[in-house]
Amino acid sequence: MNAPMTIPLLVADAARRHPDQPAVVDGDIRVTYEQLAELVTETGRAYAARGLRRGDRAAIWAPNRLEFVLALLGAQTIGAIVVPLNSRYRGHEAATVLARSRASTLVLANGFLDIDFLEMLRTAAAESPGQAGNGPIPGLPHLHTVVDLGGRGQPADDVLTWPDFISGGHLVDRDQFAAMVAAVTPDDICDIMFTSGTTGIPKGVLTAHRQTIDVARVWAERAELSTADRYAIVNPFFHGFGYKAGMITSITAGTTIYPVATFQADELLELIQSERISVLPGAPTLFTSLLNHPRLAEYDLSSLRFSVAGAATVPKALFQRMRDELGFASVSQAYGLTEAVVVTQSLPDDDPAHIAETTGPPVDGMEVRIADPAGDDAPAGDEGEILVRGRNVMLGYFEDEQSTAAAIDADGWFHTGDVGRLDEHGCLQITDRIKDMFTVGGFNVYPAEVENVLATHPEVSESAVVAKPDQRMGSVAIAFVVPRGESKPTEDELIEYCRARLANFKVPREIVVRSELPKNASGKILKTRLRDAAKEA
């Protein structure tokens, strides 16, 4: 039987096949797949009652929790396009994405991590010239509905609580709602995942319903997911790993979703033990934190079955330790990016030593080639740029034909900017990055974005940001800064300046003030020398 190829059909099919199977367990809240379908319908009607329509954008700025699942699936059920926002964003970052996407609805969890998201957003949006508007957030004229999931007192008059939002759904009759659901097609855009490029300007990656579901199907098959599995999703729902290889993958297989809002080693170990978690992917830092936990031996982890460690440089010994010390029956490594969430993935029975060396062969429907500097195929074992092609490569960048054409060539190959090689088995090895981007704890950091923020500081003349190796996070940002004139900015001052404007994983761990930066004859900063200096530091 062919798998459903729209999100509403996927949810309905899961409810039909697994009505009494737990779908989401969020603390004391337990929702079956039949109940999930009902709640998604309720949420979709609530969106429709607030004027959201097919093709409109609905943003979500919240941690992993049941309401995130409902907000995402409910919007997609009526053909709206979801725009997930990083829960670590500061106000300026969120305002930029909301403005670029022209999102008309925003669901947020004000007070998460004790942060006033609304105040941050209002402050940042108010700085937009000539964009006042009459909505709940001055400066974002397209945004007409803001829903607060709670956590920081009573919302303002122009912000809805989640119960008030949901209660409005009765204004949309079932026939009208059914027609909206029926109008959704597999080729409709279901999400825009914003990713900052090397220019530091966010680019929106466009993906269709059929692609998101196919990514989930492929991942579920490689992981051998079933209704017997309990999947603790630590990877954020705003990220492709947690959303598509987590939430949607689980629904595809009828697996139970356990949303994890924040990673705390003690709490996660307790969850694994008490709920018999069997599937636990994550960044390498998650597993090193568990392995280094002083009371690891006290917990019963015998339920753990499958894991993928990816999104950052993986220590070669990690996979063997995950088997030997955490008890995973199968471990895997994968390669993907926002523009193509799953490109390669290890096979379930691969040897841990082989998994540590490669990210596996291409998954179903995807191709990988290695191009030399002339654009020709590099021989097996030789390094070159990684090019990928297939049915799950993005459709393009949102309203950005120039960037799309630069990324996807005439033959359909997406140029990743990553450097790697294919071994004799056709498995991909990642060796370097053409672009400056690096990862901190599994999250992408684009130096240009951090450098753009530092450039706005009145005492900074120029800066260069590179990665510094870090045992726990894989790498962290270090900024080399040249002061403006006779000024003498302090390290603490510049770090706090960045912290107020950037997500915490992007904030430089260290600031090095220099009188000048190393440059070549054409004036380009020699980041290779700075990377060497960062390693020595």
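In what order do the three strands of the open sheet lie, and with what pairing? In this predicted model, the open sheet has the order 23-24-25, and its pairing is mixed. Strand 23 (460-470) and strand 25 (510-513) form the edges, each pairing on one side only. From one strand to the next, the twist averages 25°. Strand 24 and strand 25 run parallel and are joined by four bridges. Within this part of the sheet, F480 has V512 of strand 25 as its bridge partner.

Two helices pack on the sheet. Helix 16 touches strand 23, strand 24 and strand 25, and the direction of helix 16 makes about 130° with that of strand 25. Helix 17 (residues 527-536) touches strand 23 and strand 24, with a direction at about 55° to that of strand 23.

Two or more lining residues are given by each of helix 11 (284-291), strand 24 (474-483) and helix 16 (491-499). The largest share of the pocket lining, however, comes from helix 11, with three residues. By class, the lining of the second largest pocket comprises 23 nonpolar, twelve polar and four charged residues.

Rolling a probe the size of a water molecule over the atoms shows where empty space is left. The count comes to one cavity of 30 Å³ or more. The volume of the largest cavity is about 50 Å³. Its lining is formed by T207, Q211, T212, V215, K244, T338, E339, A340, V341, N392 and M394. Helix 8 (209-223) and strand 15 (340-345) are the elements that give two or more residues to this lining. Helix 8 provides the largest share, three residues. In terms of residue class, the lining of the largest cavity divides into four nonpolar, five polar and two charged residues.

Aromatic contacts were considered next. A pair of aromatic rings is described by the distance of the centres and the angle of the planes. The structure holds nine aromatic pairs. One of these is formed by Y47 and F165, with an edge-to-face arrangement in which the centres are 5.3 Å apart and the planes make an angle of 75°. Because Y47 belongs to helix 2 (residues 33-49) and F165 to helix 6 (residues 162-167), the pair ties together parts that are 118 residues apart in sequence.

A further element of strand pairing involves strand 1 (residues 22-26) and strand 2 (residues 29-32), which pair in the antiparallel sense over four bridges. V25 has R30 of strand 2 as its bridge partner. Strand 1 and strand 2 form a hairpin with two residues between the strands, and G27 in this hairpin takes a positive phi near 65°. The antiparallel pairing of strand 1 with strand 2 stands in contrast to the parallel run of strand 24 and strand 25.

Notes. Residues are numbered from 1 along each chain as its sequence is written. This is a predicted model: local features need pLDDT of at least 70, side-chain atom pairs count only at pLDDT 80 or more; totals for chains, interfaces and linings use all residues. Side-chain values use heavy atoms; hydrogens and water are left out. Ala, Val, Leu, Ile, Met, Phe, Trp, Tyr, Cys and Pro count as nonpolar, Asp, Glu, Lys and Arg as charged, and the others, Gly among them, as polar. Two strands pair if DSSP finds at least two bridges between them. Axes are lines fitted to C-alpha atoms, for helices over the stretch in contact, and angles run from 0 to 180 degrees between N-to-C directions. Contact means heavy atoms within 4.5 Å. Rings of Phe, Tyr and Trp (its six-membered ring) pair if their centres lie within 6.5 Å; planes under 30 degrees apart count as stacked, over 60 as edge-to-face and the rest as tilted. On a 1 Å grid over the protein atoms alone, a cavity is a set of points where a 1.4 Å probe fits but cannot get out, and a pocket is an open set with protein on both sides within 12 Å along at least five of seven lines; lining residues have an atom within 4 Å of a point. Grid points are joined across faces, edges and corners, and a volume is the space filled by probe spheres set on the points.
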